[in-house]
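Biologist: I am new to this structure. Please take me through one part of it closely, the place where the chains meet.

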Amino acid sequence: MDLAYLWFFIVGFLFVGYFVLDGFDFGVGMSLPFLGKDDIGRRQIINTIGPVWDLNETWVIVAGACLFAAFPEWYATLFSGFYLALLVILLALIARGVSFEYRHQRDSLRWKRGFDTMIVVGSAVPALLWGVAVANIVQGVPIDVNHEFTGSLLTLLNPYGLLGGLTTLLLFFTHGVYFVALKTDGQVREDARRLAARAGLATIVVAAVFLVWTVFNALSAGAPLVGLVIALAAVAAVCLIASWLANARGIEGWAFGFGAATIVAAVLTLWFALFPNVMPSTTDPAYSLTIENASSTDYTLTIMSWAALIFLPLVLAYQAWTYWVFRKRVSRSRIERAAAAAAH
Amino acid sequence: MDLLDPLLLARWQFGLTTLYHFLFVPLTLGMALTVAIFQTAWFRTGNLKWLHLTRFFGKLFLINFAMGVVTGIVQEFQFGMNWSSYSRFVGDVFGAPLAFEGLMAFFFEATFIGLWIFGWDKLPKGVHLATIWIATAGAWFSAYFILAANAFMQNPVGYRMAQDGGRAEMDDFLAVLTNPVALAALPHTLFAAFMLTSGVIISVASWHLLRGQNLEMMRPALKYGLWGMIVTFAGVAISGDQLSLVMVSTQPMKMAAAEALFDSACGADASFSLFSIGTPDGTGEIWALRVPYLLALLSTHSLDGCVEGINDLNMQYTTELFPQFADQVDGNFAPILWVTYWAFRWMIGLGAVAALTAVVGLWLTRKSAKRPVPAWAWKLAIWAWPASLFAILIGWVFTEMGRQPWIVFSLMLTQDGVSPNVPGWNVLLSLVAFTLIYAILAVVEIGLIIRTSKRGPDPLPDPDAPPPAEGALEDTPTTVY
């Protein structure tokens, strides 16, 4: 059963990857109404994630599939239990993904504005709801003896869950705006830096409350790894402040890097607070889903481990290469040239 | 009928979202390869027509691919959302191919598609060409793992039951990956995907040729489509024949249901009906046009082979093999016969029509042809696209409806797989929401596809025009959203 513990962290790694990567492109999507003053500006913003949004989103598919394969009980309880929340996330992701690809297909402002709205809503809704979902997983939800969730959508909308949602919303927003500042030039870049400075302050306040609450919960629940929870929460807080300071000094790369580190540390804080449960039951602790009782067999996990061991480094390598290929800033003049060429 | 029955609603939702997703999957599989081939032709010959064809079909490919990606996420979430009992029961076996698909195939596909779209002016030509080939390989591997997962539902192998009987546990992953159903379904699916792609190319090329435009690009495209259609139809037929042999040995009820064969029959009696009229309750037959021996030949590759009928199989399943499930299905282990019977025929019929279009097309456009291709022929050829698309969709309706009443053949009934704690109104809400958003997107998508198809590739430069200034000929197109 040791492999199940390994897989608890591999699944955690995949969700960390997902929240860091899709996190910033949710933020980029949400920043459109704030930073996109005209169509060229909006295209500049969208093109910062054009080549990568799809690979970023693939992380959730892989995380979901690995969750299914390594922890079928967890997957089944979570997905059937958080039904309506996931439905809304799915609808948002559909609307958003299609918009990236279809927005530029017609040269009509009305057409483009329609898709812009879908990008903004389709980015904000998952950014909020993923936080609600993860916070609720860690806090615990009503689960019966058969591992079935017995609550409803309203169960998830409790203060801690909502604060978790607000935290990811703001965190992803700021993270995305850092990315825009890092990847554009001209007016958009300057606006992004100013916006990040303001949004960063709100994020620091909200995230601090959420992290303290998480630590407090872990302490009162007697989480076995509470020392790590506290340490990681502190790392997250420090990184968050460091990213804000880096942005204030105009060091965009570091602002984005610390922003990413904040998300890594914050998700790990939650993951360690969860350990060794995977979905604690508030009905009766005896009904909780744990790493041991929710996992697949050793045989399956062994095979999965080989696959992950071989392919995850490869995936990381070629995705890093992709980011390197598209390392250049998306300049306003490039979009203007493309617009001019398309008009002929 | 209870409108808020979660089982019924979950089944409709699965059918709707899966078929909708599958509108985009086969074209992705086939068009990725086609684009890779066209780009390779440009890379090797430097002939601009191949570049323009690459860009043009690449555009169609991407419009289609975007929808495939976003509707695919629904598929993976849906198992847990609507079918949690199923997920708990098979996760140990079924999850692994899905995870492999993500790690080994889908990551490749998504990453390298991005590199291909935006990498035209950022990568060396050869590396850029490699990205579309890697994306194609990713898509195909993806298909293989998904088919391996599906094959477990049709013909569970490589597992043992847990000691408490609560779930299936994998004990032989190699057996799961080499499930005979998966190995037979893979070529069938890939060939069919390429048939559809050929259909699309034939349609688009015919539309342009009918109007006499873009001749120097559309003529080679048409030829590619026509030959592609014929060759892959042969592949579809051969692999389909293999698949039905496997089906007879693993799921005899499905074959019996494909033919609506009630009583076991041998030799000449094991006939294949091209058309039939059944009694209104679907339990008998009033009249049918039959080809003797054909069913025996299809099922056993022998003229005097025997094919088991629905009634005999039901008897065997109820008393010997699966008595524990018999009460739940009222002793009837057959799927809905009118669905399987007609789906099987429409699949074959539409596929054959599409292939026939290609044969006629090759004849009319042969080098020694004395007359130009008549307008009606071009107009007819445009229908190769919908014909091949519906053939492949209906094929999946047959495969999945033919599996009923099982969600995993011999192990679990569909009715036992549904999430027990999701209220009917939640499922209804999601069904309505998906139907609405999918319908809206279909209108947008079809509009874009038709618009892009009609607009055609960028025209080739005029050969009589003076050569452009140095540097302007640099054909490194760029993509900007």
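Modeller: This is a predicted model. Start with one residue, L90(A). L90(A) touches I73(B), V74(B) and F77(B), leaving aside residues up to four places away in sequence.

In soluble globular proteins, nonpolar side chains tend to be buried together.

Now widen the view to the whole contact. On one side are 58 residues of chain B, and they are in contact with 60 residues of chain A. Four elements of chain B each supply at least two residues of its side: α2 (48-82), α3 (84-118), β2 (168-170) and α16 (424-455). Here, too, α3(B) gives the largest share, 23 residues. By class, this side of chain B has 36 nonpolar, 15 polar and 7 charged residues.

Of its 344 residues, 58% count as buried. The C-alpha atoms fill a box of roughly 65 × 40 × 35 Å along the principal axes. A compact globule of 344 residues would have a radius of gyration near 20 Å, and chain A agrees, because its own value is 20 Å. Among contacts in chain A between residues at least 6 apart in sequence, 79% join residues at least 24 apart.

Note on methods:
Residues are numbered from 1 along each chain as its sequence is written. Chains are lettered from A and ligands numbered from 1 in the order in which they are written. This is a predicted model: local features need pLDDT of at least 70, side-chain atom pairs count only at pLDDT 80 or more; totals for chains, interfaces and linings use all residues. Two residues are in contact if their C-beta atoms, placed from the backbone, lie within 7 Å. Ala, Val, Leu, Ile, Met, Phe, Trp, Tyr, Cys and Pro count as nonpolar, Asp, Glu, Lys and Arg as charged, and the others, Gly among them, as polar. The radius of gyration is taken over C-alpha atoms; the globule rule is 2.2 Å times the number of residues to the power 0.38. A residue is buried if 20 or more other C-beta atoms lie within 10 Å of its own, exposed if 12 or fewer, and partly exposed in between; C-beta atoms are placed from the backbone.
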